[in-house]
Amino acid sequence: MLCHATYNKTRLNRTLVDGAQENLEQEPKTDHDLAQAGRAQLPRWDLRAIYSSLEGKDWIAAKKKCLDSIARLEACLHKLERAEHALEAEQLLFLIDCVSRLSSLYANLSSYVYAHYSVATDDPLSLSETNAIESLGLPLQAQYTRFRNLLNQHSSLVKTLCMPGQPLEPYRFVLEEQIFLASRQLSPQEEAIVSDLQRSGSEAFCRLQEALSASLSCKWHDGRKKTMVELRGLAHDPDPKLRELAWQKEIDLWHQHRIAFAASLNGCKGTALSLDQRRGWKSNLEKSLNQSRLSERAMDLLIANAEKLLPSFRRYLKAKARFLDKPQLAFYDLFAPLDSQHKTWSFAEARIYIIERFSEFSPELGQFAMLAIDEKWIDAQARSAKVGGAYCIDFPETGQSRIMVNFTGSFDSVITLAHELGHAWHSHLLAKSPWLLRDYPMTLAETASLFCETIVFDAELARAKGQQRLVLLEMRLSDLCQIIVDILSRYYFEKKVFEIRAERELQPEEFCRLMLDAQEHCYGDALTERWRHAYMWAAKGHYYHAELNFYNYPYAFGQLFALGLHAAYKEQSNGFVERYKALLIQTGSLDCSTLCRQVGIDIENQSFWQGSLDQINDLIDEFDKI
């Protein structure tokens, strides 16, 4: 929270990204599919190791402790601000420790209440406690503002204490970042007002988008109700008529509520523009790059290389269209399976398979996966009022995580579970680090998850032959297409929205036109113009975070970065696991370029990115030939 506001709750929440890769569509398709997946045997997580309940004495005590800690921090800051003499090293060390401990506790509370809310969005207690935690955290922004100002005021002392061999050496990058952010913030009083107003402003708009998306439903052809989540899940159905019908009903639902979604998006983007300008950012993208700890050079290379891949992905999509005997794909064909007789995995089978594959890479990783699954860290059962998709959330006070998925029995579900376990392992490796050194940026947050995903997928692909290999290749390319092509379209859409929103509000029809323009640029003639998704701006929650804009390109970065790491592992496996762990442990301590250079990777050099591009092009070549 100190470094990247609102980031902890949605730390690379896979509900915010589309397709098989991020599995928003990976929801139960029919009652038969639920039965096949063994719904009754799917695990639901146990949160009692964190707090007993939202009404428990330990929960109440933790909120009281947080409130008291905020008061103590405020008193400490007040004393240091009024001190007539120079700040002493011991005082600064004590202050940093207070901030770190308080941030960890508040993150724990925030994660716990969101975990409850996300699996029961219709629960009044969860919503009430969400509001209570937000109210509790209101003074924090002002305290963090004052903390940064104090660091800036005593920057020479901070610099001295961060020298090699000095007690704050590990914090050097983080504290320098805080000193810089002191120049990109309002006064403590103004920041406090902003935090208060955002609760009923941009954050309320964000909750509206989430709650409305989760509650939308329509009548299906058999007379039964289908939720938006179920409709989107039918994008994976082998029957093209069902896919088309589900897509049409989905579009109709978004259209019916377009005014509410447009008002929400206008509100969130307007808030972001006003605040970022007043705080001194040159643009919303400049702020995003700072949050991502990514250099402009690396960003330029990322976008340029994503653009280079567009012709190859169009070739893949056209090959898929030929396989499906269609002149062009519609948007609802993007996730169409090539094999209607695919294997259905039980959760028990997925558990064994993931543990075995992880253990082949690292016994430590395999043992961790076994712990997370067997200790009931996972909520896998789809049910009413549970949000779609999947995510992993951290509880820093206990050193644990929790994973939410909607397990359908497909291999995609297995991949999703491996992905989220990768996030949890990343957090596990950082569990002993101070909180200020655990807040890694979005760009690096996907490293472990996508790497774990690749481990499992490549193992399955290696043993597949014939038709099954074709199916797996397509599944992988569908994932990559979403993470590169669709993400790029969302990035261009968001840039254009900010340009227009700086002058005026946009009408729903304008949002639709901008989204279709972005899809035209990225998908080109690989998708038929008539059947694209004009309302992707309503469906994607990542657009509705006023303090966390451009929640898209970090996924593309993470995917290409993970591919590059996996290529390095295959080339030289000796000692790789330890180097890889060291990289993950430092993700909260350095910027992206510096961190990567420490393990021999230069993300500001085209040669690194080329290796990732070559891997993707090889997969497309093989699929096209088959």
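I looked up Asp 379 and found it opposite Met 404 in strand 5. Strands here are DSSP E runs of at least two residues, helices are H or I runs of at least four, and both are numbered from the N terminus. This is a predicted model: local features need pLDDT of at least 70, side-chain atom pairs count only at pLDDT 80 or more, and totals for chains, interfaces and linings use all residues. Residues are numbered from 1 along each chain as its sequence is written, and side-chain values use heavy atoms, without hydrogens and water.

Next, the pairing. Strand 3 and strand 5 (residues 400-404) run parallel, over two bridges. I count two strands as paired if DSSP finds at least two bridges between them. Ile 378 has Ile 403 as its bridge partner in strand 5.

Strand 4 pairs with strand 5 in the antiparallel sense, over five bridges. There I found Asp 394 opposite Ser 401. Four residues separate the two strands of this hairpin, and Gly 399 in the turn has a positive phi of about 70 degrees.

Is strand 5 buried or exposed? Four of its five residues are buried, so the rest of the structure largely encloses strand 5. Buried means under 20% relative accessible area, exposed over 50%, partly exposed in between (1.4 Å probe, protein chains only).

I turned to the nonpolar cores (buried Ala, Val, Leu, Ile, Met, Phe, Trp, Tyr and Cys joined through side-chain atoms within 4.5 Å). The largest has 151 residues; Phe 313 and Trp 537 are among those with the most contacts inside it. Helix 21 (residues 466-501) gives the largest share, 18 residues. A second, separate core of 53 residues includes Leu 109 and Leu 161.

Last, I checked Glu 134, in helix 5 (residues 124-136). Glu 134 counts as buried because its relative accessibility is 17%. Beyond neighbours within four places in sequence, Glu 134 is in contact (heavy atoms within 4.5 Å) with Tyr 106, Arg 199, Glu 203 and Arg 207.
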